[in-house]
Amino acid sequence: MKIAIIGAGASGIIAAITAKRLNKDLQIDIFDANKSIGKKILASGNGRCNISNTTISSKNYIGENPSFVEFALKEFDFKAFEKFCKTIGLMLDIKESGKVYPLSNEAKSVTNLLQLALEELDINIFCEHFVQNLDKKENKFIVKANEKEFKNYDKVLISSGLGAAPQLNATEIGLDIASKFGHSFNPTYPSLVGLQTQETYNGKLQGVKKECNVALYVNGNFEQEIFGDVLFTSYGVSGFAILDISQRAVLSLSQYFDVELRINFSPKINVNDLANQIQTLFKNLPTKRAVDILIGLVSNKIAPILLNICKIDINTKANEINIKQIKSLAHQLNSWKLKVIDTQGFSHAEASGGGVKTSEIDNRTYESKLCKGLYFAGEVLDIVGNRGGYNLHFAWASGYLVGKSFSK
Ligand SMILES: Cc1cc2nc3c(=O)[nH]c(=O)nc-3n(C[C@H](O)[C@H](O)[C@H](O)COP(=O)(O)OP(=O)(O)OC[C@H]3O[C@@H](n4cnc5c(N)ncnc54)[C@H](O)[C@@H]3O)c2cc1C
């Protein structure tokens with residue numbers, strides 16, 4: 001049997017290795033536009049590759065039907081992944097948080113070992129082959145890449161991902177192919193991405209980084225709250241808490257809802273206690289400028305903007321500020337509102353939401369329900385994971401199921 005795999009990312013590679021290990025008679029050709037395999041694996045986790053997570057459930061995924069992932073996560077849980085890693089010689093470093101990295105701390109070891117495993121199994125790797133099209137004639141698939149036709153495939157896996165990080169040759173060819181074979185897809189959107197906000201303060205907060213509570217409000221209703229780093233930028237906000245909250249924020253934005261973030265700079269203190277603290281500070285240093293006192297509480301970049309938002313002159317002394325103004329300062333620090341107007345786009349996103357509708361895919365084999373012999377795995381499907389190794393884990397798990405199915 002002859003198999004083509006379009007996309008040598010995590011899902012395509014593990015599908016090829018799994019299939020060939022279970023059935024040595026298969027001929028597997030794997031195509032990728034890049035010079036080498038696994039470019040996104042290399043880019044992941046800032047080059048360290050947050051490869052998986054020890055605690056995974058469908059709750060870590062977003063899509064039209066997140067429970068679609070349950071069978072794959074049951075069949076290929078973290079233990080199964082760890083076992084697979086051992087077979088290619090990859091040792092893992094499991095952090096207390098549950099995040100998993102290669103023990104070498106380098107994504108390069110992951111791609112090197114995967115490359116060796118593919119070569120040992122005589123899987124044909126066609127790098128620098130840009131796939132333009134897929135056809136099916138008389139039950140055989142034809143892959144068109146680099147203007148050439150590769151023929152006679154019995155089965156094909158589309159593991160070409162989606163458009164996040166186009167600088168790594170990411171494309172949405174998978175959606176074109178899916179449509180051609182009668183599939184529908186949910187619109188794609190950047191996920192795990194920085195957010196542009198209406199308030200940019202002329203870049204004056206750029207570089208301010210603080211652990212905050214970030215609450216997401218959609219059309220005025222509370223949706224989600226996340227604690228973590230917030231980084232102010234020239235365009236708006238980024239940082240881990242923002243990347244995490246971006247998943248729901250962007251989805252709401254794509255539906256033209258009103259999206260607002262409320263940042264709590266002092267999540268450990270309630271708003272009344274914060275007002276009391278500010279009042280005590282002002283009482284102790286009555287003749288100092290309020291802005292200089294506030295620097296002891298928040299960043300020196302935040303203090304003048306805080307006063308400005310609360311309509312207090314920058315030169316106002318502490319003893320000139322009344323209790324109403326103190327409450328307003330505390331309230332602003334407790335609930336700093338930012339209106340989200342856009343994202344930093346696919347080129348800055350770690351993943352893509354949307355994709356091929358999972359209702360048209362068999363969740364046990366990842367074969368298309370519409371076209372026999374056609375399979376989909378990984379990010380090309382309408383499943384996107386939270387930050388923390390969940391996207392790569394879904395790519396491994398779905399690719400593994402495809403590989404098992406190919407071997408039969
Ligand atoms: C900067 C960054 C950091 C990330 N960090 C993490 C992390 O730490 N942990 C985590 O879990 N996830 C992370 N992710 C997400 C994760 O890398 C992806 O979700 C995952 O790699 C998807 O795997 P995949 O196999 O579905 O597709 P991909 O890895 O996207 O593989 C698809 C392959 O198809 C190829 N391709 C596309 N179109 C064509 C075409 N027309 N012809 C030929 N080849 C084509 C591409 O070159 C690519 O190699 C990160 C992503 C980015 C961009």
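Me: Is lysine 20 buried or exposed?

Reply: A residue is called buried if 20 or more other C-beta atoms, placed from the backbone, lie within 10 Å of its own, exposed if there are 12 or fewer, and partly exposed in between. Lysine 20 is buried because 23 other C-beta atoms lie within 10 Å. Please keep in mind that this is a predicted model, in which local features need pLDDT of at least 70 and side-chain atom pairs count only at pLDDT 80 or more, whereas totals for chains, interfaces and linings use all residues. Residues are numbered from 1 along each chain as its sequence is written.

Me: Where is lysine 20 found, and which residues does lysine 20 touch?

Reply: Helices (H or I, at least four residues) and strands (E, at least two) are DSSP runs numbered from the N terminus, and lysine 20 is found in helix H1. Contact is taken to mean that two C-beta atoms, placed from the backbone, lie within 7 Å; once residues up to four places away in sequence are set aside, lysine 20 touches Leu26, Ile28, Leu121 and Ile123.

Me: How should I read the packing of H1 (residues 10-22) against H5 (residues 107-120)?

Reply: Two packed helices are described by the angle between their axes and the distance between the axes. Axes here are lines fitted to C-alpha atoms, for helices over the stretch in contact, with angles running from 0 to 180 degrees between N-to-C directions. The axes of H1 and H5 come within 10 Å and cross at roughly 35°, and the crossing is left-handed, a term used if the near helix is turned anticlockwise from the far one by less than a right angle. Ile13, Ala16 and Ile17 in H1 meet Leu114, Ala117 and Leu118 in H5. By class, this contact has six nonpolar, no polar and no charged residues, where Ala, Val, Leu, Ile, Met, Phe, Trp, Tyr, Cys and Pro count as nonpolar, Asp, Glu, Lys and Arg as charged, and the others, Gly among them, as polar.

Me: Which residues touch the most other members of the largest nonpolar core?

Reply: In soluble globular proteins, nonpolar side chains tend to be buried together. A nonpolar core is a set of buried Ala, Val, Leu, Ile, Met, Phe, Trp, Tyr and Cys residues joined through C-beta atoms within 7 Å. The largest one has 126 residues, of which Ile5, Ala16, Val156 and Phe376 touch the most other members. The largest share of this core, 10 residues, comes from H12. Leaving aside neighbours within four places in sequence, alanine 16 is in contact with Ile5, Ile28, Ile30, Leu118, Ile123 and Gly403.

Me: Why does phenylalanine 126 count as buried?

Reply: Phenylalanine 126 counts as buried because it has 20 C-beta neighbours inside 10 Å. This residue has its place in strand S7 (residues 124-126), and phenylalanine 126 is in contact with Asp29, Ile30, Phe31 and Ala145, leaving aside neighbours within four places in sequence.

Me: Where is asparagine 105 found, and what is its phi?

Reply: Asparagine 105 is found in the loop between strand S6 (99-102) and H5, and its phi is near 65°, a positive value in a residue other than glycine. Asparagine 105 is exposed, because 12 other C-beta atoms lie within 10 Å.

Me: How many helices and strands does the chain have?

Reply: The chain has 12 helices and 21 strands, and of its 408 residues, 48% count as buried.
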